[in-house]
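User: I would like to learn how to read a fold from its coordinates. Please take me through one example.

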Amino acid sequence: MSTTQKNLSEFATDNLPDISAKTFAIVVAEWNHEITEKLFEGAHRTLLQYGAKPENIIRANVPGSYELSYGSQVFAQRENVDAVIALGCVIQGETKHNDYINNAVAHGLTQVSLKYDKPVIFGVLTPNDQQQALDRAGGIHGNKGDEAAITAIKMLNF
C-alpha cells in the first residue's frame with residue numbers, strides 16, 4: 001500500500017517483545033536535517049513508548065544517506081547493540097542522483113544486516129519533493145521514524 005493511503009505511524013502492536021534490556025543504535029543522516037531530525041524524534045519516541053530505556057538508545061550522525069551503511073555497520077558489529085535504525089531522506093532532484101544513492105543505501109544496509117545477523121532497518125524517505133518528505137516525517141502520512149522503530153522492535157522477536 002502506498003503511503004498516500006497508509007499512515008506510517010499506525011501499526012499492529014500485538015506480541016511485541018520486551019525491549020527493556022535491548023540496545024538500539026539510531027544512525028541519522030545530517031543531509032535534509034529538517035526531515036531527518038523529525039524522523040529521529042519519531043523513532044526515539046516510539047522506542048521509549050514500547051519499553052526501551054533512554055540509556056539504551058545510542059544516536060550517531062553521518063553526513064548524508066550514502067554514509068548510513070557504514071555508520072550502521074559500526075554499530076551492528078558491536079555485540080551490545082541489538083538493532084540498528086538508519087534514518088535518512090533523499091529527495092528526487094533534477095538528476096538521477098537519488099536513484100544511485102537510494103539503491104546503494106538499500107543494498108548496503110541489507111548487507112550489514114546479513115553480515116552481522118541482526119536487524120538493520122531502512123528508515124530512509126525517498127520522496128519526490130520536500131512536501132512529500134514533510135508529510136512522511138510527522139505530517140499527514142505519519143512518521144517513517146515511528147515505522148522504522150516498530151520494525152526494529154518486531155524484528156527482535158524473529
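This is a predicted model: local features need pLDDT of at least 70, side-chain atom pairs count only at pLDDT 80 or more; totals for chains, interfaces and linings use all residues.

User: In which order do the strands of the open sheet run, and how do they pair?

Analyst: Read a sheet strand by strand. Here 4 strands form an open sheet, ordered β2-β1-β3-β4, with parallel pairing. On average, neighbouring strands are turned by 15° against each other, direction ignored.

User: How many bridges join β1 and β2?

Analyst: The parallel pairing of β1 and β2 runs over 6 bridges. Within it, Ile26 stands opposite Arg59 in β2.

User: What does α1 touch on the sheet?

Analyst: Helix α1 packs on the sheet and touches β1, β2, β3 and β4. Its direction makes about 150° with that of β3.

User: Which residues of the largest nonpolar core touch the most other members?

Analyst: That core has 25 residues, and Phe24, Ile26, Ile35, Leu47, Ile85 and Leu87 touch the most other members. Two or more residues each come from β1 (24-29), α1 (33-49), β3 (83-89), β4 (120-125) and α5 (144-155). Another core lies apart from it, with 17 residues, including Leu68, Ala76, Val105 and Leu109.

User: Is Asn102 buried or exposed?

Analyst: Check relative accessibility against the cut-off: under 20% is buried. Asn102 has 13%, so it counts as buried. Asn102 sits in helix α3 (residues 97-116). Beyond its neighbours within four places in sequence, Asn102 is in contact with Val90, Phe122, Val124 and Thr126.

Key. Residues are numbered from 1 along each chain as its sequence is written. Side-chain values use heavy atoms; hydrogens and water are left out. A nonpolar core is a set of buried Ala, Val, Leu, Ile, Met, Phe, Trp, Tyr and Cys residues joined through side-chain atoms within 4.5 Å. Buried means under 20% relative accessible area, exposed over 50%, partly exposed in between (1.4 Å probe, protein chains only). Contact means heavy atoms within 4.5 Å. Two strands pair if DSSP finds at least two bridges between them. Axes are lines fitted to C-alpha atoms, for helices over the stretch in contact, and angles run from 0 to 180 degrees between N-to-C directions.
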